[in-house]
Amino acid sequence: MLISNEWLKDYVDAGVKVEDLAERITRTGIEVDDMIDYTKDIKNLVVGYIQSKEKHPDADKLNICQVDIGEEAPVQIVCGAPNVDAGQHVIVAKVGGRLPGGIKIKRAKLRGERSEGMICSLQEIGISSNVVPKAYENGIFVFPTEVEPGTDALTALYLNDQVMEFDLTPNRADALSMVGTAYEVAALYQTEMTKPTTKSNEISESARNELSVTINNPEKVPYYSARVVKNVSIEPSPIWMQARLIKAGIRPINNVVDISNYVLLEYGQPLHMFDQDHIGSKEIVVRQAKDEETMTTLDNNERKLVDTDIVISNGQEPIALAGVMGGDFSEVTEQTTNVVIEGAIFDPVSIRHTSRRLNLRSEASSRFEKGIATEFVDEAVDRACYLLQELASGEVLKDRVSSGDLGSFVTPIDITAEKVNKTIGFNLSNDEIQAIFKQLGFETTLKGETLTVNVPSRRKDITIKEDLIEEVARIYGYDEIPSSLPVFGKVTSGELTDRQHKTRTVKETLEGAGLNQAITYSLVSKDHAKDFALQERPTISLLMPMSEAHATLRQSLLPHLIEATAYNVARKNKDVRLYEVGRVFFGNGEGELPDEVEYLSGILTGEYAVNAWQGKKEEIDFFIAKGVVDRVAEKLNLEFSYKAGKIEGLHPGRTAIVSLEGQDIGFIGELHPQVAADNDLKRTYVFELNYDAMMQVAVGYINYEQIPKFPGVTRDIALEVNHDVPSSELKQIIHNNGEDILQSTLVFDVYEGEHLEKGKKSVAIRLNYLDTEDTLTDERVSKIHDKILEALQAQGATIR
């Protein structure tokens with residue numbers, strides 16, 4: 001919203017510089033994003049009167065003008081504008097003057113003729129072309145009324161002004177109008193606010209004899225009203241109105257259309273003006289559009305409507321698309337003499353859907369979408385009637401033709417001074433709080449200790465007590481909130497929770513192993529939502545996704561980690577090691593919240609260790625990925641077990657399921673060659689673990705053991721077993737029979753090939769025996785070792 005300081009002063013004068021005003025407004029919650037100064041870089045710009053014009057003897061498109069600029073004698077200026085003529089009051093940049101863009105005005109000769117200054121267009125003094133009136137778009141600007149030559153041109157153009165650009169949040173729709181902004185400024189500076197004049201001199205003829213209004217869809221259109229103004233004269237608007245519209249970013253058209261736009265900016269209430277003689281009947285019917293119904297809008301485009309659109313009709317065909325744009329045949333033209341002014345309340349959701357579907361965003365539709373103030377609907381229509389009377393010589397008919405109900409203009413909210421002070425730390429009395437609400441224009445009554453605040457409809461952002469408390473803090477001043485330290489009866493030092501401490505340990509471990517943390521979107525495409533999922537559960541899709549690529553909540557972190565790896569590899573970063581701690585989502589059926597589970601995932605590809613000076617390279621393989629996972633388990637004092645498994649998207653022979661305390665919590669594996677090829681990756685290894693399950697395991701205190709005093713015994717065995725027997729199963733049998741002296745086992749070799757039957761393999765395992773209380777004897781070790789061998793043979797293993 002663009003707020004002109006010159007226009008704002010019509011309603012409230014804060015008595016401060018505009019820079020200070022902008023700072024105060026920003027500090028109280030409405031950000032002033034920019035300041036447009038129309039006087040910047042302009043010097044020696046005056047109003048001139050063209051006394052005569054002659055053709056240039058040596059140039060067909062140039063004219064020699066004698067211009068009175070308020071000095072002793074007129075000056076000669078050569079001008080090439082097609083619309084320059086004698087008798088005009090124009091903008092003149094004198095010799096020595098400056099214009100935006102660093103242009104300096106000097107005496108010059110144009111085709112041999114002296115030129116002392118420059119007759120300017122609006123564009124040359126910094127006005128954007130898209131808001132310049134059509135009549136002056138390709139030429140100089142001509143004042144519509146006489147102005148004393150030598151007068152400061154910026155003052156005469158109402159451009160000796162600074163305009164604040166508000167960056168409004170959706171809840172502050174009240175500041176989308178000059179009146180709403182005036183209320184805000186009056187509250188900030190504790191000064192009176194003057195509202196615009198709305199009282200017109202009505203004639204005896206009644207609008208009810210000219211028009212009837214019917215609403216067929218009251219749930220979408222709670223209120224619709226119309227007034228009639230006869231015998232208007234279509235002509236250019238006065239310069240002050242044109243200038244204000246230009247500064248607000250709207251191109252002036254003619255006095256009737258400009259009044260509609262002016263009141264829109266003034267009150268924030270969109271109006272529409274119909275040519276009464278072209279409506280086609282004496283009735284206005286507001287209804288839902290019919291499917292496949294068509295109408296031609298003001299931009300001369302035929303629009304196909306749907307049944308969710310709201311239309312204004314003459315009882316037969318649409319004459320306007322409600323809240324968005326009018327129809328072509330009932331628009332105000334140069335021949336219009338009688339005008340019907342519409343003021344209404346339309347359903348914000350319907351207007352938003354229609355404007356988005358037809359790509360017709362306008363100042364009117366944006367205000368309807370945010371909700372308008374019911375208190376201003378009729379007042380804005382009355383203001384338009386007054387301006388048509390004053391500026392278009394219109395005759396205002398008495399009475400208002402309306403249907404529906406405006407509803408209440410206020411919303412009562414009860415609050416107490418104790419609640420206010422307790423919430424924001426002030427020590428305000430009831431009188432002080434009432435004074436603040438009075439500044440805001442809120443009527444307040446006090447009954448006992450309870451304040452009843454009647455919030456006007458223009459402030460739709462205030463609905464609960466806490467909103468009122470925020471208003472008190474804003475107006476009283478956030479800087480006035482007292483600074484104080486909290487009072488504690490007992491002070492305790494802050495510390496990390498157990499989970500936070502473990503998470504830091506995990507991240508430090510992974511980063512120490514050379515992995516970098518990644519953070520990816522929680523949304524994936526529907527096609528990849530179940531990739532690598534550990535559970536077969538329903539997915540959750542968004543109703544209105546930003547794109548198809550981000551339409552469904554993920555059930556694995558790996559799809560985006562694979563994308564991130566492919567992105568890096570495609571940009572010559574071939575050694576990639578990433579990890580992520582993030583949430584995945586599993587559906588529980590319609591109407592139920594999903595389960596959110598935190599996962600730990602990683603991906604590794606390329607070379608793990610590169611020592612170019614030693615000529616050593618180590619490619620990432622399954623055991624490096626497993627080593628990273630083992631290191632995490634070690635740091636958390638957990639014990640993982642592994643078994644061969646199959647996961648869709650992973651290599652069928654190089655995938656292990658990770659278990660913790662008998663529960664499958666994840667996997668490690670190599671990407672399936674086809675998946676790797678689809679992403680232009682070489683051998684790539686991934687892991688994914690249920691982080692929540694890992695955190696739920698209670699570790700307890702660290703127990704320290706004395707270094708053994710007695711020597712241990714190591715024995716190696718080689719077993720011939722079937723190919724499909726996992727080494728973990730053999731180790732489990734060994735530990736089950738190793739009693740209390742078997743300390744650890746290690747698989748140090750696996751062989752398949754020559755000298756072995758087909759379908760067989762040889763597994764070499766090292767057994768470490770130790771008794772921490774006594775010296776082991778060969779007899780004791782042999783007894784337990786033989787027991788282990790017998791158990792292995794009983795399970796089909798052959799001792800080699």
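Reply: Helices α13 and α15 cross in a right-handed way, where a crossing is left-handed if the near helix is turned anticlockwise from the far one by less than a right angle and right-handed if clockwise. Helices (H or I, at least four residues) and strands (E, at least two) are DSSP runs, numbered from the N terminus.

Me: Before going on, what kind of model is it, and how are things counted?

Reply: It is a predicted model, in which local features need pLDDT of at least 70 and side-chain atom pairs count only at pLDDT 80 or more, while totals for chains, interfaces and linings use all residues. Residues are numbered from 1 along each chain as its sequence is written, and side-chain values use heavy atoms, with hydrogens and water left out.

Me: ok, at what angle do α13 and α15 pack?

Reply: Helix α13 (residues 498-512) and helix α15 (residues 622-635) pack at about 145°, and their axes are 10 Å apart; axes are lines fitted to C-alpha atoms, for helices over the stretch in contact, and angles run from 0 to 180 degrees between N-to-C directions.

Me: And which residues make that contact?

Reply: Thr 505, Val 506, Thr 509 and Leu 510 of α13 meet Val 628, Arg 631, Val 632 and Lys 635 of α15, contact meaning heavy atoms within 4.5 Å. These residues divide into 4 nonpolar, 2 polar and 2 charged, where Ala, Val, Leu, Ile, Met, Phe, Trp, Tyr, Cys and Pro count as nonpolar, Asp, Glu, Lys and Arg as charged, and the others, Gly among them, as polar.

Me: What about α10 and α12, what angle there?

Reply: Helix α10 (residues 417-424) and helix α12 (residues 465-476) pack at about 70°, with axes 10 Å apart. That makes α10 roughly perpendicular to α12, given that angles under 35 degrees count as roughly parallel, over 145 as roughly antiparallel, 65 to 115 as roughly perpendicular and the rest as oblique. The contact involves Lys 419, Val 420, Thr 423 and Ile 424 from α10, with Glu 466, Ile 469, Val 472 and Ala 473 from α12, and its residues divide into 5 nonpolar, 1 polar and 2 charged.

Me: New topic: why is α8 called largely enclosed?

Reply: Because 6 of the 8 residues of helix α8 (residues 363-370) are buried, the helix is largely enclosed by the rest of the structure; buried means under 20% relative accessible area, exposed over 50%, and partly exposed in between (1.4 Å probe, protein chains only). The buried residues are Ala 364, Ser 365, Ser 366, Arg 367, Phe 368 and Glu 369, and what covers them includes α6 (255-267), β22 (339-345) and α7 (348-358).

Me: Is Asn 359 buried or exposed, and where is it found?

Reply: Asn 359 is exposed, with a relative accessible area of 66%, and is found in the loop between α7 and α8. Although not a glycine, Asn 359 has a positive phi of about 55°, while Gly 371, which follows α8, has a positive phi near 95°.

Me: Last one, which residues does Cys 65 touch?

Reply: Not counting residues up to four places away in sequence, Cys 65 touches Ile 50, Ser 52, Lys 53, Val 75, Gln 76, Ile 77, Cys 79, Val 84 and Ile 119. Cys 65 has its place in strand β4 (residues 63-68) and counts as buried at 0% relative accessibility. Cys 65 and Lys 53 are 12 residues apart in sequence, yet 4.5 Å apart in space, C-alpha to C-alpha.
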